[in-house]
Amino acid sequence: MKTPPTKRLSPGFILGKSGAYAVLILGLVATLLPFFYIIVSSLKTDAELRQTPPDFFSKDPTLKHYITILTDENIPIERNVLNSVVVALARVAITLFTSSFAGYIFAKYHFKGKNLAFGVILIQIMIPFQVVMIPNYLLIVKFGLIDSLWALIIPSMVDAYGIFMMKQFIESMPAELMDAARIDGASEFGIYSRIILPQMGPALASLGVFTFMATWNDYLWPLIVLTSPENRTIPLLLVWFQTQHSSNQGLILAASILTLIPIFLVYIFLQRWIVDQATSSAFK
Amino acid sequence: MAISISDLFKSDNVSEGGKLMAKQRRFAYTSLVPILLYMGLFTLFPILFAMVMSLFSYTPIREGSGFLDLGGANPFIGINNFIELATGTGKPAEVFRLAVWNTFLFTVLVLPLNLIITLPLAVLLESISQKFKILFRAIYFLPTISSTVALAIIWEYMYAPGWGLLSLMFKAVGLVPPKSWLQDPNAIYFGVPLAMICVVIAHVWQDFGYNLVIFVAALQSIPKTLREAARVDGATRWQEFWLVVVPLLRRTILLTSVLTVISSLQVFVIFQLLSRGGPKNQTQTMVLSIYENAFRFSNNLGLASAMSMILFIIILVLTVTQFRILRTEWEY
C-alpha cells in the first residue's frame, strides 16, 4: 500500500527524511573512508609515505607503485593471477553442474531413501570448515595432491548449500514439460540438460558469482595445502608480498588495491545477483 | 492438459507406468551414488576421523602401525587431549584456554555492535526512495565481498601509529592517540584489550553489510499497513521502531544473531593477519590455535583435533538452535 500523499508532504515527515539521509550518508562515508584513504596513500611518493604527520592527499600523486607491481620481473604475478582464475572458473563450473544436477534429482524424482540422502548432504552445512580441514589435509597428502591446484578443486566439488538452493528453484518448475519430453523419447539426463538447465539462468548466475568470489578470496585452505611460490593464489601472493616488502608501504598498499579491483568489477556488473544470494543464504 | 507421469500410473496402463517409474528410479540412484560417495569421503569421513584423531596422540611425521598411521607411534590416549586442554599446564593448552575466552569476548562484542548498526540503518534504508536504496545498499555491501586479506592490510595501515587514519583523526579532534593500536599489551579498556577492540571494529566494518541486506529484505516483507497504522495513531519514529518494527522482526533478528555468532566463532583471517594473535595472546582465538597447533608450530594433529571438536560442539548447539528458530511458525 502506498503512503498517502498528504503524509509525504507533512513537515515532520520531510525532516525525518533528511535526518535519514544524514545518517545513511554518514554510514556511507564510514564504509568508503578506509578504501579511499588507502587509494590516496598508494598514490604517494616514498618520501610522502614516510612523512609524519602525513598529508591526507599527495602533492605529487604517482602510479609508480602500481607500475612496479605490474611490470617488475622480480614480482611474478602473472602465474599467480592465472592460478586464481583457473581455480575459480573450475570451481564455478563444477559447483554449478553438481548443484543443479543433484538439485534436479532431489526436486523431481521419488525414490526410497531420498530424505536420508538429502540429510547426508545437508550435514556439510552444519560442520565448520575448521573441523574437517585437518582430516582433509591428510586425505590430500595421501592422494599426492599436496601443493597442487587440484588440492583447491577436488575437496570442493559438491556444495550442499548449492544443492539445497537449486532443489528449491527446480521444485517450482512445472512437470508438464518434462513429461512431454519423456513421451517424445528424451532420456532422463536429456531432460536435465535440455529442459531444466536452460530455465535456470538466474539461479545459476547467483550461485556462480558467489562461488567465484568465495574462491577468489579463499585464504585458509590454500595456506594449508600450497607451498611453492608458483602455485600461490592471489591472497597468498599478497601475504607473501607483504612480508617481502615490509619496508615499502606504497607497494603493499597498491598490491592490496589491485587485489580488490577484479572483485569490484564483477560486483559492479552483478551486484543484484550477489545481494540476492547473500539474502537468501541466511535462510538456508 | 498434459498427462503427468503419476496420472499414467493411476490409469489402467499400470505396467507401462511401472516400467517408467523403475527407469526413473534407476536413473536417480545411479546419479546420486557418486555424489553420496564423494560426500562420504570429504565430509563424513573427515568428521569421523577428526573425532578419532582427538583421542590419539597423533602427528603425521610419525609412522603409526594401523589405519592412516593410527596406533603404534601415534598411540590411543583416550580423553587425555581434552583433559590437557581443560586443566593441563602445557603452553598450547594454556594458550587455548585464553583463546576460548578471547573468542567468546570477540563474539559478545561483535553481536551487539553489529545489530546496533544494521537494524537502524535497515529501517532508514527502507524509508528512502528505491533508487537510492539500491545504491546505498550496494555500497554498504562492498567490504563484505572484498578479500579479507586485502582488508587486513588496509586496516593495519589504518591503525598505523604514525600515519594511520585513526591516529590522524584522534589528533584532529584534540585527543591523544594510543602509542600503538595493535601491539600494546597494557592498553586495556573496560577489561577489553585495545587490540581486540581494533579487530572487532575492523571485522564489524567488513561484515555489517551482510546482516543489513537481510534486515532490508525482512522489512520489505512486513505489511506497510502495520507501520502506517502506528503512525496514524501518533507514534513517534522511535516508538514505531521499538514497538512495531523490532517485535515484527523478532524471528529475523534471532536468526541473524545466531548466524552472526556462528560466523564470529570462526573468524580467522583478520586475527592472523591484522593482530597476529598478539600482543601477549590477547587476540589469540580458537581457530587460530587449531591452525597453529596443526600446521604452524607442532603438527600436533591430535591436540588440534580435540580443539576443533570443542569448537564443533559449540557450533552444533547453535546450529540446532538456528534450525529450531527456522521451524517455528510465523505470521504477521
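**Figure 1. Helix α3 (residues 80–87) of chain B packs against helix α15 (residues 301–327) of chain B**. The angle is about 70° and the axes lie 9 Å apart. Axes are lines fitted to C-alpha atoms, for helices over the stretch in contact, and angles run from 0 to 180 degrees between N-to-C directions. α3(B) is therefore roughly perpendicular to α15(B) (65 to 115 degrees; under 35 is roughly parallel, over 145 roughly antiparallel, the rest oblique). From α3(B), N81(B), F82(B) and L85(B) make the contact; from α15(B), G302(B), L303(B), A306(B) and M307(B) do. Contact means C-beta atoms, placed from the backbone, within 7 Å. By class there are 5 nonpolar, 2 polar and no charged residues. Nonpolar covers Ala, Val, Leu, Ile, Met, Phe, Trp, Tyr, Cys and Pro; charged covers Asp, Glu, Lys and Arg; the others, Gly among them, are polar. Helices (H or I, at least four residues) and strands (E, at least two) are DSSP runs, numbered from the N terminus.

The model is predicted: local features need pLDDT of at least 70, side-chain atom pairs count only at pLDDT 80 or more, and totals for chains, interfaces and linings use all residues. Residues are numbered from 1 along each chain as its sequence is written, and chains are lettered from A and ligands numbered from 1 in the order in which they are written.

**Figure 2. Domain 1 (32–78) and domain 2 (93–327) of chain B**. The bounds come from an automatic or database domain assignment. Over C-alpha atoms, the two centres are 34 Å apart. Domain 1 of chain B puts 10 residues in contact with 8 residues of domain 2 of chain B. The domain 1 side has 7 nonpolar, 3 polar and no charged residues.

**Figure 3. The contact of chain A with chain B**. Chain A supplies 69 residues and chain B 81 residues. On the chain A side, helix α2 (residues 11–42) gives the most, with 13 residues. That side divides into 50 nonpolar, 16 polar and 3 charged residues.

**Figure 4. L82(A) in helix α5 (residues 77–108) of chain A**. L82(A) is partly exposed, with 13 other C-beta atoms within 10 Å. Buried means 20 or more such atoms, exposed 12 or fewer, partly exposed in between. L82(A) and M157(A) are 75 residues apart in sequence; their C-alpha atoms are 20 Å apart in space.

**Figure 5. The fold of chain A.** Chain A has 15 helices and 0 strands. Its C-alpha trace spans about 75 × 70 × 35 Å along the principal axes. Of its 284 residues, 36% count as buried.

Notes:
Contact = placed C-beta atoms within 7 Å.
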